[in-house]
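Subject: Structure for you to look through

Dear colleague,

After it I go through what was found, one topic at a time.

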Amino acid sequence: MKIKTVAVSIAWALILLAGRAQAQIYDTNNVMVSTFAGYGIPAYVDGQGLLTAFNNPLQIVSDTASNLYVWDNGNQRIRKITPDRTVSTFAGGGSYLDGYGTNVSLAWGQVSAMAIDHANQLWVVMANSYYGGVVYLLTISTNGYTSIVNGGLTSLSSSSGICFDSANNLYYSGGNRIYRYNPGTGIAEPFAGSGISGYFDGQGILLTAFSNPTTLACDQADNIYVWDSGNGRIRRIDQLQNVTTLAGNGYNYSLVDGVGTNATFNVINSMFFDHAGYLYMVCGSCVRKMDAQTNVTTLAGSFYSSGYMDGPGNIALFSSATGGCFSPGMVFVADSGNNRIRNITFNEQTQSVAPANLQLNTYPGVQITGSIGRTYQIQSSPDMNTWNTVATVLLNSSPYLWIDQNPVAGNKFYRAVMLP
């Protein structure tokens, strides 16, 4: 009897170890993490690259010229970093409640979110201790002028996330709802969520529910992605106000990479998209990404360890990474615990091909005219009787041209099917 018990215990141990070993799946695109700015000691120093200092940088965004803007929380300033790594102070450090650049004071409270609109104007959510903790939305124009936006923003809170769609509408989370705000008219209206804490996918305001939604992101098709923190799920809202769960299956301390609801999360501090449709998530000690097929992998960092280390994604370490953004070709991370700005590059392997090995191939494709923001499954068949799935794509434009990456010989037919 004792031998049998020991054998069962060993078997369970092997299963648990195998499950843990497979919990984190790393991106294989030769990801490299390096330090872009800051030398790690909490301080305030403008200058160049690693000869600069930050104090608890929390948020980071990028403009169309690839300049970075960082909310440097410990210094109560917004710092600007140009592509050549020159760090300067863009706003804050002064004594006025509104004004230009370094004449304005941002020492009012805590910033929970920062976004940039299509006119390169910064928007900041700030809990203002000077006014009794009231949460304000601030705008900072390209010339550095800071002003307070009121606009009657119902339920804006110190944990609200913000993002912009292609029409420059601002979306924000608060009060278990997602709101849409038109800066031109000053009108804010509920976009999704009943306002009652819960978990319901569906359509519109009355038939959907969230639980403490925080950070937001918008894709090229104007779908709004929500980190529904109380439910531990990533939810998507399309422009018809349909709410769908894409990934996560409840608040979970056991983190797992995987597809859709097989993946688990316990914290997402910020989310953002690249131009290829990948969603990135900054999660404290790691950075994860999700593709159009909802496959969640780890870009860099560890689920179980934090610290400071540059290098390949699977050995790099972060400490309380909170903010992130994409600027052409690279991911940037506000690594607040390390007082540094880190960047993640993708070094694809190149392969030299000798002239004798060069050959011309035929690559077929299919043009899809459909609904932007919907997912389509592309299928192929040699005889139009048996169909096999070859790709799944999120339509970010219409018409959309998809090219088969595999050369074809003989007959091959294609069709596209819209998924529910």
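A nonpolar core, as the term is used here, is a set of buried Ala, Val, Leu, Ile, Met, Phe, Trp, Tyr and Cys residues that are joined through side-chain atoms within 4.5 Å. Please keep in mind while reading that this is a predicted model.

The largest nonpolar core has 20 residues, and those that touch the most other members are Tyr 225, Ile 234, Phe 265 and Met 281. Two or more residues of this core come from each of strand 18 (224-228), strand 20 (242-247), strand 22 (270-273), strand 23 (279-282) and strand 24 (286-290). If you select Met 281 and leave aside residues up to four places away in sequence, you will find that Met 281 touches, among others, Ile 234, Phe 265, Ile 268, Met 271, Val 287 and Val 296. There is also a second, separate core of 17 residues, which includes Trp 71, Val 104, Ile 116 and Ile 140. As general background, nonpolar side chains in soluble globular proteins tend to be buried together.

Lys 289 deserves a separate look, and this residue lies in strand 24. Is Lys 289 buried or exposed? Its relative accessibility is 10%, and because buried means under 20%, Lys 289 counts as buried. The side chain of Lys 289 makes a polar contact with the side chain of Asp 27, at 2.9 Å, and the residues that Lys 289 touches, not counting those up to four places away in sequence, include Tyr 278, Tyr 280, Met 281 and Asn 295.

Thr 64, by contrast, counts as exposed, because its relative accessibility of 68% is over 50%. Thr 64 is placed in the loop between strand 3 and strand 4 (68-72), and its side chain makes a polar contact with the side chain of Asn 120, at 2.9 Å. Although Thr 64 and His 118 are 54 residues apart along the chain, their C-alpha atoms are separated by 8.4 Å.

Finally, the largest pocket holds about 1200 Å³ of space. Of the 49 residues that line this pocket, Val 61, Ile 116, Met 271, Phe 272 and Phe 273 are the closest to its centre. The elements that give two or more residues to the lining include strand 3 (57-62), strand 8 (109-116), strand 22 and strand 27 (321-327), and the lining residues divide into 21 nonpolar, 22 polar and six charged.

With kind regards

Notes
Residues are numbered from 1 along each chain as its sequence is written. This is a predicted model: local features need pLDDT of at least 70, side-chain atom pairs count only at pLDDT 80 or more; totals for chains, interfaces and linings use all residues. Side-chain values use heavy atoms; hydrogens and water are left out. Buried means under 20% relative accessible area, exposed over 50%, partly exposed in between (1.4 Å probe, protein chains only). Helices (H or I, at least four residues) and strands (E, at least two) are DSSP runs, numbered from the N terminus. Contact means heavy atoms within 4.5 Å. On a 1 Å grid over the protein atoms alone, a cavity is a set of points where a 1.4 Å probe fits but cannot get out, and a pocket is an open set with protein on both sides within 12 Å along at least five of seven lines; lining residues have an atom within 4 Å of a point. Grid points are joined across faces, edges and corners, and a volume is the space filled by probe spheres set on the points. Ala, Val, Leu, Ile, Met, Phe, Trp, Tyr, Cys and Pro count as nonpolar, Asp, Glu, Lys and Arg as charged, and the others, Gly among them, as polar. A polar contact is a pair of N or O atoms within 3.5 Å; within protein, one must be able to donate a hydrogen and the other to accept it, and residues adjacent in sequence count only if both atoms are side-chain atoms.
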